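Let's take a walk through this model, starting on the inside and working along the chain.

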Amino acid sequence: MNSAENALKNKKKNKMKKGLAILLGLLSVLTFFFPYIQFVFKNTTYIVSAFQLATVKGFRVQGPELSGLVTIPVLTRISVIAGVLLPAAGIVLLLLKKPVMAGTAFVLSGITPLIVLITTSSIQTAVTQLNISKISIAYLWPSIYVLVGGIVCAILSIWTQGTEKLAESVFLVFSCVSVGSVVLITVYIFAAGSPAILQIGLGQFLFGREWNAEAGVFGILPLILSSIAGTAGAILLGVPIGILTAVFLAETAKPQVARFVHPAIELLAGIPSVIYGFFGMLVIVPAIRSFPPFQNNTIGDSLLAAILILAIMVLPTIVSVTETSLKAVPQAYREASLALGATPTATIFKVSIPAAKSGILAGVILGVGRAIGETMAVIMVSGNVANMPSLLGTVRLLTTGIAMEMSYASGLHREALFAIGLVLFVFIMIVNISFTYISKKGVQMDAE
């Protein structure tokens with residue numbers, strides 16, 4: 001009797017959850033006709049609904065010197081339409097007793113305001129080209145409701161299948177957040193950077209040797225080569241030092257010494273980039289300038305200074321990951337090597353390091369990412385002139401080019417900076433894919 005009563009109670013609760021999800025889904029559909037977003041361009045204000053975002057061509061904006069029609073991005077239109085179709089689909093699927101599929105539709109509907117948030121940034125860029133600096137974009141309650149309502153409806157829909165199913169779905173959603181974040185960033189970077197490359201020309205942009213925003217000349221070959229040289233130099237210096245330091249800590253250091261060195265390594269990881277920059281400015285740059293062989297050939301701010309500061313900055317990552325990998329190598333490997341007559345040093349380099357090479361490679365990848373993406377410290381020591389790279393000459397890296405000019409850039413200049421970000425993004429992807437391929441190839445060779 002108790003089982004029958006519990007089943008009846010669960011059935012009533014599920015009906016309530018289902019009814020509430022349907023009601024909240026209907027409200028999400030109705031928000032399509034309510035004020036969704038507010039644009040303020042100087043003294044002109046537009047308050048538009050999702051329906052208007054999907055149907056109107058654009059906004060007529062009058063600048064101090066220029067005027068024009070600012071069009072609404074296609075992705076924005078698609079997103080607001082999806083924001084009404086997906087909750088409607090979720091309601092239908094609930095009525096058809098398919099709660100898991102309904103929950104998926106509701107979750108996707110909750111993502112649509114985030115896509116609108118990303119894509120409407122191009123509207124701000126287009127208005128900036130009309131020499132209008134006073135711009136604000138406000139997202140009104142319907143857009144927030146679609147985001148929150150989609151998540152709540154998804155939870156209610158899947159909850160009708162039981163708590164275990166809800167927990168499983170929550171874990172799945174959170175596991176997909178990282179993948180979704182990468183996809184969103186990738187879409188945004190390509191959408192923001194591609195127009196400038198198409199307008200300037202791929203060959204001119206990638207292989208042009210001059211960067212002059214005032215003249216409308218955008219060639220980033222010096223920036224690309226400087227970034228490659230700076231990263232390669234930092235890795236050539238930092239990787240051997242980092243790996244040998246990790247070997248010392250994991251294999252040969254006495255516990256008292258390791259307890260002293262570990263906090264120093266952790267402190268290096270926690271120091272802000274600007275502090276590294278100050279150290280480079282006040283120590284490394286003057287040292288290079290006063291070093292006898294370089295005195296007449298450099299002002300100190302140079303590619304060499306950038307390499308040295310980056311080599312220091314990648315050390316904590318490489319040391320920490322490599323040490324963890326070495327400690328994970330089974331002790332039986334070392335004992336077997338020593339039992340065969342190998343010396344402790346030979347065991348380290350012939351057994352421990354090869355066994356931990358996948359983890360060591362992961363540390364190197366993270367170090368490369370840190371070196372490629374570093375901005376503030378490099379700005380302070382590299383000289384920031386878009387020259388072809390030379391060891392003692394001033395250079396500008398891809399990251400510093402974006403950071404130094406983005407605050408005042410507009411029009412094609414601003415789009416070209418986004419295009420630099422796209423090139424940097426592709427560069428990092430190539431590096432990661434290459435390291436992953438090398439790592440897998442090494443594992444397969446070991447298996448054979």
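**A cavity and its lining**

Helix α3 (residues 74–95) is the biggest contributor to the lining of the largest cavity, giving four residues. Helices here are DSSP runs of H or I with at least four residues, numbered from the N terminus. The model is predicted, so local features need pLDDT of at least 70 and side-chain atom pairs pLDDT 80 or more, while totals for chains, interfaces and linings use all residues. Residues count from 1 along each chain as its sequence is written, and side-chain values use heavy atoms, without hydrogens and water.

Searching the whole structure turns up one cavity of 30 Å³ or more, and the largest cavity holds about 50 Å³ of space. (A cavity is a set of points on a 1 Å grid over the protein atoms alone where a 1.4 Å probe fits but cannot get out; lining residues have an atom within 4 Å of a point.) Its lining includes S28, F32, Y36, S79, V80, G83, V84 and V146.

**Two helices crossing**

Further along, helix α13 (residues 331–339) packs against helix α14 (residues 344–355) at about 140°, with axes 10 Å apart. Those axes are lines fitted to C-alpha atoms over the stretch in contact, and angles run from 0 to 180 degrees between N-to-C directions. In α13, Y333, R334, S337 and L338 meet P344, T347, V351, S352 and A355 of α14, contact meaning heavy atoms within 4.5 Å.

**A covered helix**

Finally, six of the eight residues in helix α17 (residues 398–405) are buried, that is, under 20% relative accessible area with a 1.4 Å probe, protein chains only. They are L398, T399, T400, G401, I402 and E405.

Technical notes
1 Å grid on protein atoms, 1.4 Å probe; cavity = no way out; pocket = protein on both sides within 12 Å on 5 of 7 lines; lining within 4 Å. Points joined across faces, edges and corners; volume = space filled by probe spheres on them. Buried < 20%, exposed > 50% of the residue type's maximum accessible area, 1.4 Å probe, protein only.
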